Amino acid sequence: MPLVVNVASVSPVVARSVETGVWRIQVGSRDLPTLTGTADSKPRRDRLKKLGESGLPFEWSEVRSERSSERSTVTLPLSPGEKIYGLGLQMEGSDRRGGVYHLRVDHFASGHDRLHAPTPLYISSKGYAVFFNTTRPIDIYVGVGNRLRDPKIPRFRDRNTDPKWDSQPDSGQVEASVQGPGLEVLVFSGPTAMAALQRYNLFCGGGTLPPLWSLGFWHRTPLIASGEQALQEVDEFEKRGYPLDVVGLEPGWQSSSYPGTMDWSKERFPNPSGFVSAARSRGVRVNLWEDPYIAPGSELFKAVDPNFGSHTVWLGAVADLRMKAAADAMAKFHTEKSLNIGVSGFKIDEVDGFDNWLWPDHATFPSGLDGLRMRQIYGLLWQKEIDDWYRAKGERTFGLVRGSNGAASRFPFAIYSDTYDHAQYVTALTNSALAGVLWCAETRDAPNPEEWVRRMQSAVMSPITQLNAWASGTKPWSFPRVESEVRAAMVLREQLAPYLYTAFGQYWLNGVPPVRPMSLVDGGSETDQYMLGDDLLVAPILVGHPRRTVRLPKGDWYEFGTGRRAGNGETITIQPSLSTIPIYVRAGASIPMFPSTLHLSSVPSDAHYRLECYGPGPWRAQVFEDDGQTFAYEKGDYGLFRLTVGLNSTVYQEVEDGKRKVIGRGIEVEVKG
Ligand code: GAL
């Protein structure tokens, strides 16, 4: 037998314009499913158009594609000094140049390769983004790997005599490669790095708009809490005056778990509907944990059979959600058992394992995918599945998922982790936007009161605020010395809901993420501070570091709460008291807030917004309003309002977007400082 010679052919690419400011390159043949296909992404054409056309800082002739019998590869240029951000939900660092990334889904979130969300997206400091629209694991070399015949190969130096000798001189290129017949590459123009990310999010259907109630406080009860115990915990929050909006049930709500039945335990939840109604009558929604591997012999198993993968996970059957019959059976079961009795969402666990945790690479699935590819998208498929159930009911949900991938921006989920390093949590929070996902900086436990309060304070400044007490049984008041500081942080979270909701409104409308890394804000490299929405700069105090520096971008900044001037374009050193969350407000901003409440659902419809104004006036604010829970906003029933507060506290409003004409609440003005 002659040997098959692996000949690579390098060729220039053809870039086709697919949306305003978005181009597609196809290397080799079309290789389905893609990430956007899996997520059923519908580009938000009108919003992309609004961003307008913008050029790219390189020529298409500098992009090369390469096919060999095994691989599909693309090479894109980098310019000197250009920084590259993203390449998945990275829990360390900012600039990815000089690194090699083998992007795979994995819950160990180890190193730069095995990630909860290995989104193959990079964003350049030069103001464009590149998305590899593939469901295969992908290898990306950022400035690494010099080609022998590249005319731009760095100049050779003699190590013996030249102090500038470098073992890995920058190649001036990104090379991305998959083992497969083709690779789709999407290029998003800017002109800024933020605008490029906006285009990516809008191309994937826009950012998610969670229901208003989900922006309050979440608490998860211990592993096998019964309905009675869960309600006791809910009542304890109320009695002690701590906010609560969602109670999360962990594996014990199911009649058996690992593998699960996804059905209520008759022993611990004899009356599921009564339990959910009791929680809701207390202003608290119910979220259910699921490890989506099905107990053989269970009712759900029978409904989904035979649409399972070849291998089990912890002896549970793995539904192939790409098979319509499996997706439909799953929807019917969950709608009847949970959605119809008022369950508000799910926490999807363990969809982020590697081959020794989930199924092997060679596992087979009825829809035709092998195990390797199915692992890359299983979390994405679950997000779409659950989103579909709630859309069919006309109700919005918000939930948690441990594994995701590209094209997930439109899904109402935040990622959580079993890791617990505080600095990594804050880095993941800042970097999550660069992977088109949201991060949940949950709290679980702490060895001392200082750590507890600092973790709680950073949790309240993230897209979803959750105390996950499944193993620890911790309560917000578990550390009496910091009880009041923790309560204050939780109350602040509830009060900030209109501001946060507006940030999500912008995410949906314009693709601007609610948490914004400094790299996209002003090219900064910090991963321990970020912008939350347009006007709040957050710099959490990390465990073990009571003193820290904060870089204030250009413009005047004021301390949140006190209104004291903090500085302008400078780096300050702070050592705040335990009750202070370092938050800074842009001069001239006013922050729309709710009155203090224990449940967002019990804020009266006639309660006023309080506009907290910082710096010298006049002040401005944005407020996004809709019904907060249905999909009517997708048909135009929303308003994005621009408010201007004059020096005499008169408030002017203008509609910036949407069909609503006037703001739905009265307004009070408070000038800080
Ligand atoms: C883990 C998950 C935790 C908790 C636990 C319950 O996999 O990350 O948050 O839900 O399962 O057994």
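Two strands are taken to pair if DSSP finds at least two bridges between them, and the helices (H or I, at least four residues) and strands (E, at least two) are DSSP runs numbered from the N terminus.

## Strand pairing

On that basis, strand 18 (residues 308-313) and strand 19 (residues 316-319) of this predicted model pair in the antiparallel sense over 3 bridges. Thr 312 stands opposite Ala 317 of strand 19, and in the hairpin that these two strands form, with 2 residues between them, Trp 314 takes a positive phi near 50 degrees.

An open sheet of 7 strands, with mixed pairing, has the order 1-4-5-12-11-7-8. Its edge strands are strand 1 (9-12) and strand 8 (114-115), each of which pairs on one side only. Strand 1 runs antiparallel to strand 4 (residues 64-67), to which 4 bridges join it, and within this pair Val 10 has Glu 66 of strand 4 as its bridge partner.

## Basis and confidence

Residues are numbered from 1 along each chain as its sequence is written. Because the model is predicted, local features need pLDDT of at least 70 and side-chain atom pairs count only at pLDDT 80 or more, while totals for chains, interfaces and linings use all residues; side-chain values use heavy atoms, with hydrogens and water left out.

The chain averages a pLDDT (the predictor's confidence in each residue, from 0 to 100) of 96, and 99% of the residues score at least 70. Where pLDDT is low, the predicted coordinates should not be read in detail.

## Domains

The chain is divided into domain 1 (9-203), domain 2 (253-397), domain 3 (510-586) and domain 4 (590-671), with bounds that come from an automatic or database domain assignment. The centres of domain 1 and domain 4, taken over C-alpha atoms, are separated by 40 Å.

## Cavities

A cavity is here a set of points, on a 1 Å grid over the protein atoms alone, where a 1.4 Å probe fits but cannot get out, and its lining residues have an atom within 4 Å of a point. Grid points are joined across faces, edges and corners, and a volume is the space filled by probe spheres set on the points. A search of the whole structure finds 5 cavities of 30 Å³ or more. The largest cavity has a volume of about 60 Å³, and its lining includes Gln 383, Phe 411, Phe 413, Val 437 and Tyr 507. This lining divides into 7 nonpolar, 4 polar and no charged residues, where Ala, Val, Leu, Ile, Met, Phe, Trp, Tyr, Cys and Pro count as nonpolar, Asp, Glu, Lys and Arg as charged, and the others, Gly among them, as polar.

The second largest cavity, with a volume of about 50 Å³, has a lining of 1 nonpolar, 5 polar and 3 charged residues. Among the residues that line it are Arg 30, Asp 31 and Glu 184, and strand 13 (residues 182-189) gives the most to this lining, with 3 residues.

## Backbone geometry in loops

A cis peptide bond, with omega of about 20 degrees, joins Gly 190 and Pro 191, and Pro 191 has its place in the loop between strand 13 and helix 3 (193-203). The peptide bond from Gly 617 to Pro 618 is also cis, with omega near -5 degrees; Pro 618 lies in the loop between strand 33 (609-613) and strand 34 (619-625).

Leu 87, a residue other than glycine, has a positive phi near 60 degrees and is found in the loop between strand 6 (84-86) and strand 7 (100-105).

Definitions and conventions:
1 Å grid on protein atoms, 1.4 Å probe; cavity = no way out; pocket = protein on both sides within 12 Å on 5 of 7 lines; lining within 4 Å.
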